[in-house]
Amino acid sequence: MTAVRFSSNAQSQLCVRVAALLLILWVGGLWLRTGLIPASSAGDDVWFSESAYWLLHDGQLRRDIHADAIGSAVRDFLPPVPALGQAVSFRLFGMNQFSVGLAASVVGSGIVCLMFALARGLSLPTSTAIFASIGFAFTPFAAGMALRVRYDSWAALFWIAALHLILIERKTAPLPAQ
C-alpha cells in the first residue's frame with residue numbers, strides 16, 4: 001500500500017483541515033439530530049428505555065413488556081450496558097426524546113474518537129488517523145449505530161477501546177528477557 005504524496009506541505013495541511021472539518025461536521029450533525037429523529041426505530045430502544053425507567057423507578061432492571069409465566073421480564077439474560085446508559089441519560093435529562101437518543105450519540109462519537117486514538121497509537125500520521133475516523137464514521141454501519149440504541153454499538157465501542165488499551169500496554173510493557 002502506498003501513501004498519498006502531496007506536492008507541497010500546504011496541500012497536505014489543507015487536506016488535513018478539510019478532513020478534520022468533515023469529521024467535526026459528522027459529529028456535529030450526529031449531536032444536532034439527537035432528540036429530533038425518532039429513536040425507537042427497531043424495538044430495542046423501547047426495551048432498553050423501559051429497563052432504564054424501572055431501574056430509576058424501583059432499582060431493578062426489568063422489562064414488563066416481556067412479562068410471562070417464566071419470569072422473562074427480570075430474567076432476560078441480556079447485557080445491561082445499553083439500559084444503564086439509558087438510565088444515566090434519563091437521570092441527567094429526564095424522560096424525553098433527547099434522553100433516548102443521547103446514549104447512541106455518545107457511543108457513536110466515542111467510537112469515532114477511539115478510531116482516531118487507535119490510529120494515532122499505531123504511530124500513523126494525524127491525517128491518516130482523521131481519515132480512518134472519517135472512513136468509519138461514514139459507513140452505514142456506523143451511522144446505524146449512532147442512531148439506535150443497540151448492543152452492537154456498545155460492543156464496538158468496548159472492542160475498539162480494548163484494542164487501544166492492548167496497544168498502549170504493548171508499547172509500555174518491557175520486552176521479556178530471552
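1. Ala19 touches Ile130, Phe131 and Ile134, not counting residues up to four places away in sequence; a contact here means heavy atoms within 4.5 Å. The place of Ala19 is in helix H1, where helices (H or I, at least four residues) and strands (E, at least two) are DSSP runs, numbered from the N terminus. Ala19 counts as buried because its relative accessibility is 1%. The cut-offs are these: buried is under 20% relative accessible area, exposed is over 50%, and partly exposed is in between, with a 1.4 Å probe and protein chains only. The C-alpha atoms of Ala19 and Ser127 are separated by 7.6 Å, although these residues stand 108 residues apart along the chain.

2. On the basis of the note: this is a predicted model, in which local features need pLDDT of at least 70 and side-chain atom pairs count only at pLDDT 80 or more, while totals for chains, interfaces and linings use all residues. Residues are numbered from 1 along each chain as its sequence is written, and side-chain values use heavy atoms, with hydrogens and water left out.

3. The chain as a whole has seven helices and zero strands, so that, by the DSSP runs defined above, its elements read α-α-α-α-α-α-α from the N terminus on. Of its 178 residues, 36% count as buried. Among contacts in the chain with a separation of 6 or more, 64% come from residues 24 or more positions apart.

4. Helix H1 has 25 residues and reaches 36 Å from its first C-alpha to its last, close to the 36 Å expected at 1.5 Å a residue; the expected span is 1.5 Å times one less than the number of residues. In H1, the buried residues are Ser12, Val16, Ala19, Leu23, Trp26, Leu30 and Arg33. They pack against H4, H5 and H6. H1 is followed by Gly35, whose phi is positive, near 95 degrees.

5. Arg17 also lies in helix H1. Arg17 counts as exposed because its relative accessibility is 59%. Arg17 and Ile130 are 113 residues apart in sequence and 9.6 Å apart in space, C-alpha to C-alpha.

6. On which side of H5 do its buried residues lie? The residues concerned are Ala129, Ile130, Ser133, Ile134, Phe136 and Ala137, which are buried in H5. They cover an arc of only 165 degrees around the axis, which puts them on the same side of H5; the arc is that of the directions from the helix axis to the C-beta atoms. The buried residues of H5 pack against helix H1 (9-33), H4 and H6. As for its length, the 12 residues of H5 should span 16 Å at 1.5 Å a residue, and the end C-alpha atoms are 16 Å apart, which agrees.

7. A search of the whole structure finds one cavity of 30 Å³ or more. On a 1 Å grid over the protein atoms alone, a cavity is a set of points where a 1.4 Å probe fits but cannot get out, and lining residues have an atom within 4 Å of a point. Grid points are joined across faces, edges and corners, and a volume is the space filled by probe spheres set on the points. The largest cavity has a volume of about 30 Å³.

8. Which residues line the largest cavity? The lining consists of Trp26, Gly108, Ile111, Val112, Phe136, Ala137, Ala142, Met145 and Ala146. Helix H4 (97-121), helix H5 (126-137) and helix H6 (140-147) each supply at least two residues of this lining. By class, the lining has eight nonpolar, one polar and no charged residues; Ala, Val, Leu, Ile, Met, Phe, Trp, Tyr, Cys and Pro count as nonpolar, Asp, Glu, Lys and Arg as charged, and the others, Gly among them, as polar.

9. Helix H3 (residues 81-93) has 13 residues and reaches 18 Å from its first C-alpha to its last, close to the 18 Å expected at 1.5 Å a residue. Its buried residues are Pro82, Ala83, Gly85, Gln86, Ala87, Ser89 and Phe90. Just after H3, Gly94 takes a positive phi of about 80 degrees.

10. Gly101 lies in helix H4 and, at 3% relative accessibility, counts as buried. Ser123 lies in the loop between H4 and H5. Ser123 has a positive phi of about 65 degrees although it is not a glycine, and at 57% relative accessibility Ser123 counts as exposed.

Conventions: 1 Å grid on protein atoms, 1.4 Å probe; cavity = no way out; pocket = protein on both sides within 12 Å on 5 of 7 lines; lining within 4 Å.
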